[in-house]
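Me: I would like to learn how to read strand pairing, backbone angles and a ligand site in a model. Please take the features one at a time.

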Amino acid sequence: MQQKDLVIIGAGTAGLTAAIYACRSGLDTIVLEESMYGGQIVSTGEIENYPGMPGVDGFGFASSLHQQAEGLGAKIQFAPVTAISKADSWFYVETPDTTWLAKTVIAANGAVHRKLGCEGEEAFQGKGVSYCATCDGAFFKNKSVAVVGGGNTAVEDALYLSGICQKVHMIHRRDSFRAHRISVEKLLAAPNVQIHYQSQVLRINGKDRVEGLEVSSPAGTEALQVQGVFVAVGLAPKNQLFSSLCQLDESGYFAAGEDCRTTCEGLFAAGDTRTKPLRQLVTAAADGAVAASMAAAYIQTH
Ligand code: NAP
């Protein structure tokens, strides 16, 4: 068993930023990461909306953040967390080889984009298939794109893209949207948005990049020429491990506000894993800073 002031779960933007702040606060910290550092941003080509760093690529950003955290003394252990519990004010964070005994924990374990699961989706990820319109939309200026989904994210993505792209095909499997009515009304009024109701993507086609997709509807199968496909069929949190420790919201995200406090004392949630209105790089970084500062303050007062 190894004892730490702080265990950070996840080495994405929120987790590594938390590590930077924790190290600078003098907390003895370990970051646990199940796969690769960087999180979702690694799969983004060029980042245009991170303040002060125009044009940085996702992998470059993640590498630089990782180097910065390690340079300040952060240690990363590549291991999945298999269980977490709390007893006598200590957290027990279990990985296959070690149990980490921690005064505080920051869950920065992210959320995953749900996949469509159709042919071509995986092969063209980053080559026309995107899960983030605000991150990648500008690459499709004056081009034709498709947005798949019927929730708030899909409708807002389609509206955002309609201001950049020549044509937006909105593909939804039902005959009505579950998004907010005001957004749907704006979408229906957008002149360059064509809505395909009761439609499913059969496959995404192309050679090196996306060139089109096939869509099935009650009217038959249709081929659409698009250069981009934005998949917005929901996010899935991965918070089951924490469900007996603290409150999760109805979608499975940590019920935590801007101070990143969860309903379990000493456990903080940072980045995409918590309830929040905007899941972006800049808000993940901000959460990491807040959560580490809150963890340092918690240790001082307990
Ligand atoms: P969501 O509300 O879960 O909607 C996902 C959409 O994708 C649904 O329309 C669903 O269809 C469709 N879908 C799911 N799996 C599919 C599949 N395999 N193939 C085709 N379509 C599929 O997800 P979200 O839009 O990402 O929103 C997540 C949460 O954030 C929601 O609570 C949302 O309200 C909130 N949000 C709020 C705002 C805002 O308030 N401005 C903005 C963005 C997100 P069905 O309708 O048939 O289930």
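Me: Which residue of β8 is the bridge partner of F91?
Reply: Strands are DSSP runs of E with at least two residues, helices are runs of H or I with at least four, and both are numbered from the N terminus. Two strands pair if DSSP finds at least two bridges between them. Here A102 in β8 is the bridge partner of F91. β7 and β8 (residues 99–107) are antiparallel, with four bridges, and a hairpin of four residues joins them.

Me: What should I know about the model before going further?
Reply: This is a predicted model, in which local features need pLDDT of at least 70 and side-chain atom pairs count only at pLDDT 80 or more, while totals for chains, interfaces and linings use all residues. Residues are numbered from 1 along each chain as its sequence is written, and side-chain values use heavy atoms, with hydrogens and water left out.

Me: Which residues of β7 lie on its covered face, and which on the uncovered one?
Reply: F91 and V93 are on the covered face, whereas W90, Y92 and E94 are on the uncovered face. β7 also pairs with β6 in the antiparallel sense, over five bridges. In that pairing, S85 is opposite Y92.

Me: How do I read the phi of D88 in the turn between β6 and β7?
Reply: Most residues other than glycine have a negative phi. D88 is not a glycine, yet its phi is positive, about 50°. The hairpin of β6 and β7 has two residues between the strands, and D88 is in that turn. For accessibility, buried means under 20% relative accessible area, exposed over 50%, and partly exposed in between (1.4 Å probe, protein chains only). D88 counts as exposed because its relative accessibility is 71%.

Me: Is C260 buried or exposed?
Reply: C260 has a relative accessibility of 0%, so this residue counts as buried. C260 also has a positive phi, near 65°, and sits in the loop between β18 (235–237) and β19 (267–269).

Me: How far is I164 from K141 in sequence and in space?
Reply: I164 and K141 are 23 residues apart in sequence, and their C-alpha atoms are 5.1 Å apart. I164 is in the loop between α4 (152–162) and β12 (167–171). With 17% relative accessibility, I164 counts as buried.

Me: Which side chains place a polar atom by an oxygen atom of the ligand?
Reply: A polar contact is a pair of N or O atoms within 3.5 Å; within protein, one must be able to donate a hydrogen and the other to accept it, and residues adjacent in sequence count only if both atoms are side-chain atoms. For R174, a side-chain N or O atom is 2.4 Å from a ligand oxygen. The distance is 2.8 Å for a polar side-chain atom of N152, and 2.8 Å for one of R173.
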